[in-house]
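Hello,

Here is the structure we talked about going through. Please open it, then read the notes below alongside it.

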Amino acid sequence: MQILLLCVNYNCADTITNMLDTISMHTRSRIEVVIVDNSGELDATSSCCVLPGFKRCHLVSPGKNLGYFGGAHAGYLARDTENDADITMIVNPDILFSDDFFDVLSRQRDLWPADTGVVFPAVYDTHTKRDSNPFIRLRPSRIYLNTRIFFFGGGLRHQIWLWLYRQKAKRRKAAPMVERSTEAVTEIYAGHGSLLMFLPAYFNKGASLAFESFLYGEELFVAEMCREAGLKCYHDTSLTTKHVSHVVTSTLSDEQRRKWQLDSLRYIKNRFS
């Protein structure tokens, strides 16, 4: 099984090195790594670009910040097109793979349903100790999108939203763990955007990574791409990772987040709903 791993860098080269270091040596020969450097801090000699054992490690330097999926899309276009991957992964720099992740992935790949477009593993947040998936179980309504657009419009509305969000996060962290389905693979609407695994059917049926928003909303975009292509998203709990969350986004101001989230919500609403 051949894997294409796409990772977008923004001032977190050491974090990418840590992520790639969690991939065992016996697995690396099957993995092509493409790192897109949105910050312009890397070159071919950077530590994350010269780790041994990988099939290929390619650095893409676009010369400007393309955003999350903008960078991932640029990395996908720079892949080795002579050897199509069995799985294309978009991986946040702050993901840590379990020791057996890729061995389990090799077994699970043939067990996924025929209509699989994208699979999301268990992503255990190091702060909450909980799996971030499923990110969204059911497709959001137009009313839901309009409500979020209203609150992200700025001013007092957004301050109220932030307060409600933080209160919800506190309650969730303090709440007892909820029993999940005992099935390893379950259908979901959308998974968490820190790690996405695309099967060839996703691209073969016309879905793409060309999301026209800078940051946030990627999960909704991918879910809608799958829906249009007649494919589905699945959550596979037999694949486990850790997420040292918000290594990059924690440096952003609330106002910058708000603007990008608003832009993404408007795009999703206008494009798909």
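Buried means under 20% relative accessible area. Keep in mind that this is a predicted model.

Start with Asn-38. Its relative accessible area is 6%, so Asn-38 is buried. Look for Asn-38 in the loop between strand S2 (31–37) and strand S3 (56–60). What does its side chain reach? The side chain of Asn-38 makes a polar contact with the side chain of Asn-65, at 3.1 Å. The Asn-38 side chain also reaches the backbone nitrogen of Leu-66, at 3.1 Å. Now set aside the neighbours within four places in sequence. Asn-38 is then in contact with Val-8, Asn-9 and Tyr-10, and also with Pro-62, Lys-64, Asn-65, Leu-66 and Gly-67.

Next, the cysteines. How many disulfides does a search of the whole structure find? The count is 0. Cys-12 is in no disulfide, and the nearest cysteine sulfur, that of Cys-7, is 6.6 Å away. A disulfide needs two cysteine sulfur atoms within 2.5 Å. Cys-12 has 4% relative accessibility, so Cys-12 counts as buried. Cys-49 is in no disulfide either. For Cys-49, the nearest cysteine sulfur belongs to Cys-48, 4.0 Å away. Cys-49 counts as buried too, because its relative accessibility is 10%.

Last, helix H4, residues 101–108. Its buried residues are Phe-101, Phe-102, Val-104, Leu-105 and Gln-108. Look down the axis of H4: these buried residues fall within an arc of 155°, so they line one face of the helix.

Best wishes

Note on methods: Residues are numbered from 1 along each chain as its sequence is written. This is a predicted model: local features need pLDDT of at least 70, side-chain atom pairs count only at pLDDT 80 or more; totals for chains, interfaces and linings use all residues. Side-chain values use heavy atoms; hydrogens and water are left out. Buried means under 20% relative accessible area, exposed over 50%, partly exposed in between (1.4 Å probe, protein chains only). Helices (H or I, at least four residues) and strands (E, at least two) are DSSP runs, numbered from the N terminus. The arc is that of the directions from the helix axis to the C-beta atoms. A polar contact is a pair of N or O atoms within 3.5 Å; within protein, one must be able to donate a hydrogen and the other to accept it, and residues adjacent in sequence count only if both atoms are side-chain atoms. Contact means heavy atoms within 4.5 Å.
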